Amino acid sequence: MEFTYTPPFCFQNAAFWRTLLVLHCITTQVFTTISTPPEDPVKCVSGNTNCTVTNSYGAFPDRSTCRAANVAYPTTEDELVAIVAAATKAGRKMRVTTRYSHSITKLMCTDGTDGMFISTKLLNHTVRADAKAMTLTVESGVTLRQLIGEAAKVGLALPYAPYWWGLTVGGMMGTGAHGSSLWGKGSAVHDYVTEIRMVSPGSVNDGFAKVRVLSETTTPNEFNAAKVSLGVLGVISQVTLKLQPMFKRSLRYVMRNDSDFGDQAVTFGKKHEFADFIWLPSQGKVVYRMDDRVAVNTSGNGLFDFLPFRSQLSVALAIIRSLEETQETFRYAHGKCVAAKLISSTLFATAFGLTNNGVIFTGYPVIGSQNRMMSSGSCLDSLQDGLITACAWDSRIKSEFFHQTAFSIPLTQVQSFINDIKSLVKIERKSLCGLELYYGILMRYVTSSPAYLGKETEALDFDLTYYRAKNPLTPRLYEDFIEEIEQIALFKYKALPHWGKNRNLAFDRVVKKYKNAPAFLKVKKTYDPMGLFSSEWTDQILGIKGNVTIIKDGCALEGLCICSEDAHCAPSEGYLCRPGKVYKEARVCERTDGISVIQYIS
């Protein structure tokens with residue numbers, strides 16, 4: 001028997017959503033500096049022993065618990081050497097963890113329960129700043145925010161970086177983190193590194209630990225392996241970066257329809273140094289970031305404090321999450337689309353958190369120094385308030401809980417990929433409103449890198465963030481559309497996944513996409529012949545042993561596998577394994593009409 005569910009009045013009423021979002025926006029402004037910062041991702045039963053680690057979202061893609069016998073917190077390179085030497089002598093597995101553990105993937109996990117976590121939380125000092133040489137040497141636990149600030153003190157700037165400043169230098173190098181640019185050496189932080197000090201396992205003659213000093217001129221092969229290392233070569237102790245004289249940026253956002261977006265995406269990055277896009281495919285709109293370098297003496301003291309990275313009122317986060325859960329339960333797609341339009345229009349109207357003087361937004365262009373415009377994350381820079389406010393994804397409260405799929409498409413194929421997504425939207429316009437609830441598809445430019453596990457060519461990186469259920473066996477509204485986009489990117493266009501994001505299926509045989517992977521693995525074998533810094537997960541993604549996909553009932557719902565039979569989806573709820581709608585080679589979990597209990601509400 002079928003019936004049509006009529007959602008509560010509040011879900012249908014745009015005024016309700018507008019009021020909620022306005023109140024949420026106001027509290028975001030008010031609570032900018034009084035949020036509860038994230039807790040340490042490593043938790044131990046007794047002191048520093050019997051420990052677990054998680055990421056900042058509270059769950060890995062496979063929802064496993066990563067354990068170790070103990071955690072060490074070195075404060076100097078000498079202490080780090082002693083820790084690695086003792087573990088190597090004992091034949092113990094090791095993995096590095098960072099202050100905020102912001103990677104979604106299992107990069108920080110070791111095997112079993114007898115290993116060791118080495119946290120760089122206290123390796124957070126500036127070693128030296130050389131204004132004349134325009135270099136800055138820091139320890140690997142220094143956050144991006146610290147790096148930006150230390151460089152500014154001596155009149156220098158890192159030219160490109162990720163937009164979230166809660167990443168550490170070591171974490172950025174472990175995953176290949178980047179900003180957005182096709183200019184210069186490109187937007188990846190690791191391509192502005194000139195020297196790396198790394199502590200790896202050593203022989204008896206080395207005292208069981210070895211400090212290696214790597215640079216492009218002295219050890220180019222090892223240097224290019226270490227620039228994006230996935231943490232399998234050892235622990236990065238210190239990094240030296242080549243910076244630039246401080247400059248300012250002039251930024252404006254413009255919203256347009258997406259009718260010619262395929263053409264624009266290919267050329268726009270050549271016109272604006274820091275260009276990016278926020279694509280709202282269900283709305284048929286694109287927000288263009290027109291962002292360029294200007295002289296340091298240009299008038300302006302702008303600041304970019306991205307609204308979603310500010311402190312959020314916990315009560316508001318709980319209400320918004322509960323509403324989305326209800327929309328998912330009752331398959332209320334129209335409600336998601338209404339909310340998505342209000343969110344995107346509100347963010348655009350408030351310039352995404354830009355201010356002309358650090359206080360208010362008075363109009364475009366917003367001009368400010370690089371250190372005030374490139375990255376943000378003020379929810380980290382705060383006092384304890386008992387979780388009245390928090391970062392939006394803080395797992396200690398009812399908050400955002402999502403999947404994140406991120407990959408780079410070669411620039412030569414971007415237009416075709418965009419057209420494929422548009423073809424899916426034509427089939428069902430409401431299908432991607434869920435992406436727009438999480439601010440739309442962020443698209444950033446990247447270039448080829450000499451790093452062995454870096455980007456292979458000029459490309460556009462697509463970041464898709466979308467709802468994740470608390471129950472891993474609960475299917476999602478229109479999940480087949482997002483699964484098809486994911487498979488189109490990874491298999492039709494051979495996209496490279498972001499090492500710190502993504503669900504398991506993105507890493508299936510991924511190492512074959514990197515032409516220099518054999519060179520990387522050769523360095524790995526030299527640096528860590530016993531694989532003490534490797535784990536089952538890193539062995540899987542590097543093609544050494546096993547496969548990262550997990551085959552079991554419901555595995556496709558969370559991207560642990562690509563479905564090959566109905567049991568991999570949720571057949572009891574009407575989700576069956578079916579071919580893609582545009583890319584017929586795809587296999588996705590599609591909700592069939594035959595056994596529906598309630599109808600899609602339009």
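Predicted model: local features only at pLDDT ≥ 70, side-chain atom pairs only at ≥ 80, totals over all residues.
**Figure 1. Pairing of β9 with β11.** Strand β9 covers residues 193-201, and strand β11 covers residues 235-242. The two run antiparallel and are joined by six bridges. Strands of a sheet pair through backbone hydrogen bonds, in parallel or antiparallel fashion.

**Figure 2. The sheet of β1, β2, β3, β5 and β4.** This open sheet has five strands in the order β1-β2-β3-β5-β4. Its pairing is mixed. The edge strands are β1 (42-46) and β4 (94-97). Each pairs with a single strand, so one side of each has no neighbour in the sheet. From one strand to the next, the twist averages 45°. Helix α3 (residues 77-90) packs on this sheet and touches β3, β4 and β5 (116-119). The direction of α3 makes about 170° with that of β5.

Figure 3. β2 and β3 (residues 66-72) run antiparallel, joined by four bridges. Thr49 stands opposite Asn70 in β3. Asn50 lies in strand β2 (residues 49-53). Phi of Asn50 is near 55°, a positive value in a residue other than glycine. Most residues other than glycine have a negative phi.

**Figure 4. The interface of domain 2 and domain 3.** The domain assignment gives domain 1 as 42-119, domain 2 as 126-245 + 513-541, and domain 3 as 255-290 + 311-351 + 384-510. The C-alpha centres of domain 2 and domain 3 lie 28 Å apart. Domain 2 brings 32 residues to the contact, and domain 3 brings 39 residues. The area buried between domain 2 and domain 3 is about 3,300 Å². Carbon and sulfur atoms give 59% of that area. Leu182, Lys513 and Tyr514 supply 28% of the area that domain 2 buries against domain 3, more than any other three residues.

Figure 5. The rule finds 18 residue pairs in polar contact across the interface of domain 2 and domain 3. On the side of domain 2 that touches domain 3, the elements giving two or more residues are α6 (220-226), α14 (517-527) and α15 (536-541). Helix α6 gives the largest share, three residues. The count of salt bridges between domain 2 and domain 3 is one. A salt bridge also marks the pair Glu456 and Lys515, with the closest N and O atoms 3.5 Å apart.

**Figure 6. The salt bridge of Lys270 and Glu458.** The whole structure holds 31 salt bridges. In one of these, the side chains of Lys270 and Glu458 meet at 3.0 Å, N to O. Lys270 lies in helix α7 (residues 261-271), and Glu458 lies in the loop between β22 (441-446) and β23 (459-467). The pair therefore ties together parts that are 188 residues apart in sequence. Side chains of opposite charge can pair when their charged atoms come close.

**Figure 7. The cis peptide bond at Pro365.** Tyr364 and Pro365 are joined by a cis peptide bond. Its omega is about -5°. Pro365 sits in the loop between β18 (354-355) and β19 (366-369). Most peptide bonds are trans.

Terms used:
Residues numbered from 1 in each chain as written. Heavy atoms only, no water. Pairing = 2+ DSSP bridges. Domains from an automatic or database assignment. Contact = heavy atoms within 4.5 Å. Buried area = accessible area lost by both parts, 1.4 Å probe. Salt bridge = Lys/Arg side-chain N within 4 Å of Asp/Glu carboxyl O. Polar contact = N/O pair within 3.5 Å; in protein donor to acceptor, adjacent residues only side chain to side chain. Axes fitted to C-alpha atoms, helices over the stretch in contact; angles between N-to-C directions.
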